[in-house]
Amino acid sequence: MAKLTILEFPDPRLRKKAVPVETVDDALRALIDDMFETMYDAPGIGLAATQVDVHRRLLVADVSAEKTEPYVLINPEILEKDGQAITEEGCLSVPGYFEEVERAEHIRVRYLDREGNTQEEDMHGLLAVCVQHEIDHLDGKLFVDYLSETKRQRLRKRIEKDRRGNRQPTAAVL
Ligand code: ZN
């Protein structure tokens, strides 16, 4: 296993649209293991392949407090969404920045698991929010895209300040 480098906003590679995974094999499972190691170490609760510069439709997540409920979603597809959840989100690719984002509270998602078997599952709450956030990454979209222009300007200033060496430690994230 190896830790991977996480791309950070505004890296243009975060804007690439990921292509579907064609084969679920040992090489892909090795990447999945590395993504989990990277996510847990960060620490974060979700990580999309796009964030480690692999542009294939794959994400990992674990929203449990004990880090005992790992999810692997390959070629995820949201079949249904409803309800409303407003969550203070952060992102491993936008370190130290948190903002409220509104998403669906429930999603029904179809995906391949790490063995390549098709799964369909209803997800609620933080897991649903996390999976929506990570699927956005696969489409080249970041949570900051949901913010108002004023808030985005504040974020840009904050990032410039961080580049001058004032980076705050990161807490949680997707
Ligand atoms: Zn993210």
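Q: How many strands form the open sheet, in what order do they lie, and is the pairing parallel or antiparallel?

A: Strands of a sheet pair through backbone hydrogen bonds, and the pairing can be either parallel or antiparallel. In this model, which is a predicted one, 5 strands form an open sheet in the order S1-S2-S3-S6-S7, and the pairing is antiparallel. The edges are strand S1 (46-48) and strand S7 (118-124), each of which pairs on one side only. From one strand to the next, the twist averages 40°.

Q: Over how many bridges do S6 and S7 pair, and which residue of S7 stands opposite Arg108?

A: Strand S6 (residues 106-112) and S7 pair in the antiparallel sense over 7 bridges, and the residue of S7 that stands opposite Arg108 is Asp122.

Q: How many helices and strands does the chain have in total, and in what order do they run?

A: The secondary structure of the chain comes to 3 helices and 7 strands, and from the N terminus on the elements run α-β-β-β-β-β-β-β-α-α. The radius of gyration of the chain is 16 Å, close to the 16 Å that the globule rule gives for 174 residues, so the chain is as compact as a globular protein of that length. Along its principal axes, the C-alpha trace spans about 45 × 40 × 30 Å. Of the contacts between residues at least 6 apart in sequence, 67% join residues at least 24 apart.

Q: Which strands does helix H1 lie across, and at what angle does H1 run to S2?

A: Helix H1 (residues 26-41) lies across S1, strand S2 (58-61) and strand S3 (71-82), and runs at about 40° to S2.

Q: How many residues does the largest nonpolar core have, and which of them have the most contacts inside it?

A: In soluble globular proteins, nonpolar side chains tend to be buried together. Here the largest nonpolar core has 18 residues, and those with the most contacts inside it are Tyr71, Leu73, Ile107, Val109, Tyr111, Met123 and Val131. S2, S3, S6 and H2 each supply at least two residues of this core, and its largest share, 6 residues, comes from H2. Apart from this core lies another, of 17 residues, among them Ile6, Met39, Ala49 and Ile74.

Q: With which residues is Met123 in contact, leaving aside its neighbours within four places in sequence?

A: With those neighbours left aside, Met123 is in contact with Tyr71, Leu73, Glu105, His106, Ile107, Val109, Tyr111, Ala128 and Val131.

Q: Which residues does a cis peptide bond with omega of about 5° join, and which are joined by one with omega of about -5°?

A: Most residues other than glycine have a negative phi, and most peptide bonds are trans. In this chain, a cis bond with omega of about 5° joins Phe9 and Pro10, and Pro10 lies in the segment before H1. Another cis bond, with omega of about -5°, joins Ala42 and Pro43, and Pro43 lies in the loop between H1 and S1.

Q: Where do Lys67 and Asn75 lie, and what is the phi of Lys67 and of Asn75?

A: Lys67 lies in the loop between S2 and S3, with a positive phi near 60°, and is partly exposed, with a relative accessible area of 34%. Asn75 is found in strand S3, and its phi is also positive, near 50°.

How values were computed: Residues are numbered from 1 along each chain as its sequence is written. This is a predicted model: local features need pLDDT of at least 70, side-chain atom pairs count only at pLDDT 80 or more; totals for chains, interfaces and linings use all residues. Side-chain values use heavy atoms; hydrogens and water are left out. Two strands pair if DSSP finds at least two bridges between them. Helices (H or I, at least four residues) and strands (E, at least two) are DSSP runs, numbered from the N terminus. Axes are lines fitted to C-alpha atoms, for helices over the stretch in contact, and angles run from 0 to 180 degrees between N-to-C directions. Contact means heavy atoms within 4.5 Å. A nonpolar core is a set of buried Ala, Val, Leu, Ile, Met, Phe, Trp, Tyr and Cys residues joined through side-chain atoms within 4.5 Å. Buried means under 20% relative accessible area, exposed over 50%, partly exposed in between (1.4 Å probe, protein chains only). The radius of gyration is taken over C-alpha atoms; the globule rule is 2.2 Å times the number of residues to the power 0.38.
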